[in-house]
Amino acid sequence: MDQLGVGFLNGFGLPPVEFVELTAELGCRHMSTAVHGLPMLPLDYPRYSLKDAALRRDVLAAMGHHGVRISLGDGFLVLPGTESPSWAGDLDALAELGVPRINVVSLDPDLGRTFDEFAALTELAARRDIETLVEPVPGLTVGDLPTAMAARAHVGRPEFRILIDTMHLVRSGSGAADIAGLEAGCVGYAQLNDTTLRPRLGDYMEEAMFERMVPGEGELPLLEILRALPRDLVIEVEVPRRSLALAGVSPLDRLRPCVAAARRLLSEAQLG
């Protein structure tokens with residue numbers, strides 16, 4: 001299942017060398033990471049930065065040993081006052097690790113400025129042979145697929161594409177038919193998870209960041225979505241489960257059923 005990946009959000013700040021080892025133990029060959037790691041829960045994980053050369057060497061050694069690659073650099077966030085050149089060092093670090101793409105979202109309410117920053121970031125990343133993806137997230141500036149498509153039209157570069165997250169896609173009002181209707185080459189990555197059609201927690205981002213469901217155990221039309229996606233994508237399992245983590249369940253034991261469920265779905269969708 002070479003296309004299956006493990007999303008960094010599942011680890012709640014698990015350091016990157018340990019995340020490489022976790023990914024390999026799950027039988028996956030792809031993982032995502034953030035340049036700057038912060039412990040999201042009281043799990044005694046240290047902060048880290050991939051701008052640290054010694055840590056990058058350790059991560060490269062672990063990836064080489066385990067046959068794992070970083071498929072996505074996550075955590076790029078446009079805020080009011082953000083200037084894309086400030087990301088140059090982060091992009092340099094990811095380029096040294098061979099990361100092929102980054103993911104960006106925006107909390108800047110100015111849509112025009114958001115689109116301009118996406119364009120500037122895309123150019124900056126492309127100089128390092130890194131493509132840029134935008135992830136539509138309900139409640140954020142780019143909250144749905146049509147707005148993401150408008151951003152793509154504004155940027156106007158093939159290196160700027162869309163990341164499809166199954167929860168965000170459905171909760172924002174889109175589905176498999178909308179993906180199928182996109183022009184070829186629009187979608188560059190996918191994150192697989194499940195949830196109910198109606199909110200389970202009072203705050204959308206609380207649910208998205210901390211309590212998603214094992215693929216196939218919720219109400220999302222995952223098979224239809226998978227079948228509508230391009231066949232060559234990395235499909236990243238992104239199922240953060242805070243309640244289990246705080247109960248002492250290890251990252252491996254939290255993720256094993258998620259990866260097994262993802263494999264079953266990919267097989268049924270004839271993608272694996």
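Analyst: Let's start with Tyr45, which counts as buried because its relative accessibility is 18%; buried means under 20% relative accessible area, exposed over 50% and partly exposed in between, with a 1.4 Å probe and protein chains only. This is a predicted model, where local features need pLDDT of at least 70, side-chain atom pairs count only at pLDDT 80 or more, and totals for chains, interfaces and linings use all residues. Residues are numbered from 1 along each chain as its sequence is written, and side-chain values use heavy atoms, leaving out hydrogens and water.

User: Which residues does Tyr45 touch, not counting those up to four places away in sequence?

Analyst: A contact means heavy atoms within 4.5 Å. Here Tyr45 touches Gly11, Phe12, Gly13, Leu14, Pro15, Pro39 and Pro251. Phe12 is 33 residues from Tyr45 in sequence, with 8.7 Å between their C-alpha atoms.

User: Now the sheet: how do I read strand pairing?

Analyst: Strands of a sheet pair through backbone hydrogen bonds, either parallel or antiparallel. Strands are DSSP runs (E, at least two residues), as are helices (H or I, at least four), numbered from the N terminus; two strands pair if DSSP finds at least two bridges between them. In this model, eight strands form a closed barrel, β1-β2-β5-β6-β7-β8-β9-β10, with parallel pairing. Strands β7 (residues 131-134) and β8 (residues 160-165) pair in the parallel sense over three bridges, and Leu133 has Arg161 in β8 as its bridge partner.
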